[in-house]
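Hello,

I am passing a structure over to you, and my notes follow below it. Please have it open while you read.

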Amino acid sequence: MIDRVKTQHNSKTLRIATEVNKFYKSKTPFRVFHGSTNSTRILSFKEDEMLDVTDLNQIIEIDVERLAVVVEPNVPMDKLVDATLKYNLVPPVIPEFPGITVGGGIQGGAGESSSFKWGFLSQTANWVEYVLGDGSIVKATPDEYADLFYGAAGSCGSLGVITAVELQLIPAKKYVHLTYHPVKGFNEAIRLIGDEAGGRNDFIDGIMFGKNHGVIMTGKLSDLKISKLQRFSRAYNPWYYLHAQKIDANKQTVKESIPLRDYLFRYNRGAFWVGRYAFELFGVPFNSLMRFVLNPILNTRKLYQALQVSGASQEYIVQDLTLPYDKSVKFLDYIDAKTQIYPLWLCPVMPEPRSPLSCNGINTTLAINIGVWGPRIASFNKFKELNKNIEDELTHYGGKKWMYAHNYYAEADFWRIYDKNWYDTLRKKYKATTLPNMYDKVVVKKRYEINARRGVFQAILGTAKIRIEKVNSQK
Ligand SMILES: Cc1cc2nc3c(=O)[nH]c(=O)nc-3n(C[C@H](O)[C@H](O)[C@H](O)COP(=O)(O)OP(=O)(O)OC[C@H]3O[C@@H](n4cnc5c(N)ncnc54)[C@H](O)[C@@H]3O)c2cc1C
């Protein structure tokens, strides 16, 4: 079985290498298409300028001795977890949305509440197989092609195409034993996160429900059901953030045992709290009955499909912003004063300065990620102005954005944050100059046509697809 999958992998990789080489020879700036996305930018591909890697979706090998899994890049997180759990193993970093893929997670920058300990998904890779811009195939490791191994993390597919990855594995446990600590403000929240990051936790994140109140969650893997059992995956279970909000209101420390898979994807139903805005948009009462009834379309896969078709992401501030630990309270004060957006997500992340294109590529002992996902702003000018203001303030505090989001940087400002000389040298060295560059890929230059109803209906009907422009055969 493994041999068959390996043989299939080799022929898929050769096919990709051949196609990339053709693009190289014709100097065509192609984009990587993998059939789904967790980006909030509306993607549109040209049929003759895209590299289809959707069939790179196999788990190649799970090595229980070496604690490692070799996986193709289009494998999503839920498939990966289900496969490794059969061996009682799990990758140490599983980004919170089940549809995030291994390749997109490494190239887009993905992490979760274990990232204070392990860093981003890219930091848990032993090696990454790349098809370079000219079609040659290399295996990048921390020792060989190290500049590519580190430098390509967060590069949004602009330095090569991932065709396989070896990720580390750790022993899985049945539960996450989670403690919710109510806090009275930003200072207390960040101090507690810093203290707990130095302790024996496996998971840390937090939600601020207001300037003066929130909850920090710390978790440990455990085979024992130590406290009350709590699930988040079933239609009748609470959305995770609403559950945390009740604890915030009661101001009592709470302990729970959560089955591991439920914990890993706890934010899937409702996409943290972004799904709530769909209720407001369509005037649907936001109550437990309607959340139960609409459950089949309120998971992140469906919500992202609706988003891609509707264009509605250009009316919502949806940003993840990563800062040095000692600047995070000041930045939270700014977000509070400027936006009054709540809840805010807090997630500590181990930095990796050798990956400067990744949002955790900053020089600090611990980075703090702040998720700012706000309600509707109908005026495009106000939406853009607020986005730009957040970008300026983040740069001022030495932070970096997660590149899945809308970006409105002027080109000169962008290359002041990301070292263009270093980037161009790497692109030249690895023959990547025919690929679109990072600025061109991540900055939004146009205004979308917004049709929220169309997005929701197509997502319900299962017809929502990423746009692909057909080539005119008359050409
Ligand atoms: C409200 C909200 C909350 C979020 N919370 C989290 C969170 O908690 N944790 C988290 O990790 N993320 C989070 N995200 C961000 C998002 O999920 C990440 O950006 C993730 O990296 C996207 O993965 P994907 O598989 O969908 O890749 P895509 O978004 O489709 O791709 C990312 C980049 O990778 C490139 N790429 C994809 N495959 C390949 C390949 N094989 N070779 C080369 N390049 C490739 C693409 O071209 C693209 O530039 C959140 C987003 C939102 C909107």
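A word on naming before the notes: helices (H or I, at least four residues) and strands (E, at least two) are DSSP runs, numbered from the N terminus. This is a predicted model, in which local features need pLDDT of at least 70 and side-chain atom pairs count only at pLDDT 80 or more, while totals for chains, interfaces and linings use all residues. Residue numbers start from 1 along each chain, as its sequence is written.

**The ligand**

The ligand is surrounded by 35 residues, and the closest are Gly104, Gly108, Ala110, Gly157 and Tyr404. At least two residues each come from α3 (102-108), β9 (161-168) and β18 (367-376). By class, the shell has 17 nonpolar, 15 polar and 3 charged residues.

Angles run from 0 to 180 degrees between N-to-C directions, with axes as lines fitted to C-alpha atoms, for helices over the stretch in contact.

Within this sheet, β7 (residues 125-131) is joined to the antiparallel β9 by 6 bridges, and Ala125 has Leu167 of β9 as its bridge partner. Contact means that the C-beta atoms of two residues, placed from the backbone, lie within 7 Å.

**The sheet of 9 strands**

The other open sheet I noted has 9 strands in the order β14-β15-β11-β13-β12-β17-β18-β16-β19, and its pairing is mixed. Its edge strands, β14 (228-229) and β19 (400-401), each pair on one side only. Helix α7 (residues 240-250) packs on this sheet and touches β11, β12 (203-210), β13 (213-222) and β15, at about 115 degrees to the direction of β13. Helix α13 (residues 380-396) lies across β16 (316-324) and β19, and runs at about 0 degrees to β16.

Strand β11 (residues 175-183) is worth a look. Its pairing with β15 (residues 254-259) is antiparallel over 6 bridges, and its pairing with β13 is antiparallel over 9 bridges. Tyr175 has Pro259 of β15 as its bridge partner, Thr179 stands opposite Lys255 in β15, and Val183 stands opposite Gly214 in β13. Of the 9 residues of β11, 7 are buried. A residue is buried if 20 or more other C-beta atoms lie within 10 Å of its own, exposed if 12 or fewer, and partly exposed in between, with C-beta atoms placed from the backbone.

**Some single residues**

Where does Phe232 lie? Phe232 is in the loop between β14 and α7, and it counts as buried because it has 21 C-beta neighbours inside 10 Å. Leaving aside neighbours within four places in sequence, the contacts of Phe232 include Asp262, Arg266 and Arg269. The C-alpha atoms of Phe232 and Arg269 are separated by 8.0 Å, although the two are 37 residues apart along the chain.

Most residues other than glycine have a negative phi, and most peptide bonds are trans. Leu67 counts as partly exposed because it has 17 C-beta neighbours inside 10 Å, and Asn88 counts as partly exposed with 13. Finally, Tyr342 and Pro343 are joined by a cis peptide bond, with omega about 0 degrees; Pro343 lies in the loop between α12 (328-339) and β17 (344-349).

Best wishes

How values were computed
Near = placed C-beta within 6 Å. Nonpolar A, V, L, I, M, F, W, Y, C, P; charged D, E, K, R; others polar. Pairing = 2+ DSSP bridges.
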